Amino acid sequence: MGLLSKYRQAVRNGKQMKVKKYFPEQKHIINYAFSVLHKDYYKFDDVFQLPYERGLMALAIYEETRMKCTREYLEEHTKAIEAILKENPIDIYKINELNEQMKQRLDMVIDVDLLYKLASVVFFDKNENPCTYEAEYNAKKIEFWKKNKGVADFFLQKPLQELIPFLQSPEIDLQRYSELNRKLNNLHSERLQLLGSKKQ
């Protein structure tokens with residue numbers, strides 16, 4: 001075994017010792033996944049064997065990812081439709097505008113913010129209880145990821161490639177798509193607020 005191989009093995013062994021130190025009560029196997037700015041993140045060996053609470057949150061976030069919008073977005077959409085239906089006369093052009101907006105969301109390839117959210121439920125740090133999911137803590141964790149690692153660098157790390165394999169496609173410019181995605185999300189949110197909150 002060469003010197004470089006020995007070094008890599010020592011690093012792996014050190015990471016495994018950290019895992020056992022931080023999560024000694026866990027029955028499931030937890031592995032080191034990756035680091036961002038010397039902060040280590042871990043994951044369950046089998047993503048399909050998550051503890052109950054974290055597993056339910058993973059299913060909910062997966063559904064949001066599949067629909068390309070959060071539950072909160074859908075709630076805002078229905079409020080906007082209800083507000084328009086209470087107007088006299090009812091403005092069908094506003095309803096059509098919201099319908100077109102929903103079609104745009106369904107046609108999106110991915111919503112990058114939802115991918116971060118999905119990653120936040122699969123990967124956790126030493127300060128988290130691996131059995132549960134705290135939305136507020138994970139929102140801060142996502143901000144930390146965004147601030148300290150570019151979107152492409154973050155999602156093209158090996159554990160994230162395994163979680164979301166289609167991101168490796170050469171057709172996807174993740175950085176550019178992420179910027180466009182953010183602008184579209186802002187535009188859609190503003191339009192929901194505008195159409196749902198006041199008469200025009």
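# A first look at this predicted model

Ser178 touches Val112 and Val151, leaving aside residues up to four places away in sequence; contact here means heavy atoms within 4.5 Å. Ser178 sits in helix H9 (residues 174-197) and is buried, with a relative accessible area of 18%. Buried means under 20% relative accessible area, exposed means over 50%, and partly exposed lies in between (1.4 Å probe, protein chains only).

This is a predicted model, in which local features need pLDDT of at least 70 and side-chain atom pairs count only at pLDDT 80 or more, while totals for chains, interfaces and linings use all residues. Residues are numbered from 1 along each chain as its sequence is written, and side-chain values use heavy atoms, with hydrogens and water left out.

**The overall picture**

- The protein chain has nine helices and two strands; these are DSSP runs numbered from the N terminus, with helices (H or I) of at least four residues and strands (E) of at least two.
- Reading from the N terminus, the order of elements is α-β-β-α-α-α-α-α-α-α-α.
- Of the 200 residues in the protein chain, 36% are buried.
- Taking contacts between residues at least 6 apart in sequence, 66% join residues at least 24 apart.

**The nonpolar cores**

- In soluble globular proteins, nonpolar side chains tend to be buried together.
- A nonpolar core is a set of buried Ala, Val, Leu, Ile, Met, Phe, Trp, Tyr and Cys residues joined through side-chain atoms within 4.5 Å.
- The largest nonpolar core has 31 residues, and those touching the most other members are Phe34, Tyr116, Phe123, Trp145, Phe154 and Phe155.
- Two or more residues of this core come from each of strand E1 (30-36), E2, H2, H5, helix H6 (135-148) and helix H7 (151-155).
- H5 gives the most to this core, with seven residues.
- A second, separate core has eight residues, including Ala80, Leu98, Met102 and Leu195.
- Phe154 touches Phe34, Val36, Tyr116, Ala119, Trp145, Lys149 and Leu160, when residues up to four places away in sequence are not counted.

- Helix H2 (residues 52-67) has 16 residues and should span 22 Å at 1.5 Å a residue; its end C-alpha atoms are 23 Å apart, which agrees. The expected span is 1.5 Å times one less than the number of residues.
- Arg54, Gly55, Ala58, Ile61, Glu64 and Thr65 are the buried residues of H2.
- These buried residues pack against strand E2 (39-44), H3 and helix H5 (112-122).
- Just after H2 comes Lys68, which takes a positive phi of about 65°.

**Salt bridges**

- Side chains of opposite charge can pair when their charged atoms come close.
- The structure holds 13 salt bridges, each one a side-chain nitrogen of Lys or Arg within 4 Å of a carboxyl oxygen of Asp or Glu.
- Glu87 pairs with Lys94, with their closest N and O atoms 3.0 Å apart. Glu87 counts as buried at 11% relative accessibility, and Lys94 is buried at 4%.
- Glu100 pairs with Lys103, with the closest N and O atoms 3.3 Å apart. Both lie in helix H4, three residues apart, about one turn of the helix. Glu100 is partly exposed at 36% relative accessibility, and Lys103 is partly exposed at 41%.
- Glu162 and Lys158 meet through their side chains in a salt bridge (3.6 Å, N to O). Both belong to helix H8 (residues 158-163), four residues apart, about one turn of the helix. Lys158 is exposed, with a relative accessible area of 59%.

**A nonpolar patch on the surface**

- Leu85, Ile90, Ile92 and Tyr93 form a nonpolar surface patch, together having about 460 Å² of accessible area.
- Patches are made of residues with over 30% relative accessible area and no salt bridge; like charges are joined within 9 Å, and nonpolar side chains (Val, Leu, Ile, Met, Phe, Trp, Tyr) within 5 Å.
- Ile90 lies in the loop between helix H3 (71-85) and helix H4 (92-107), and Ile90 is partly exposed, with a relative accessible area of 42%.

Note on methods
Areas by Shrake-Rupley, 256 points an atom, 1.4 Å probe, with all protein chains shown as cover.
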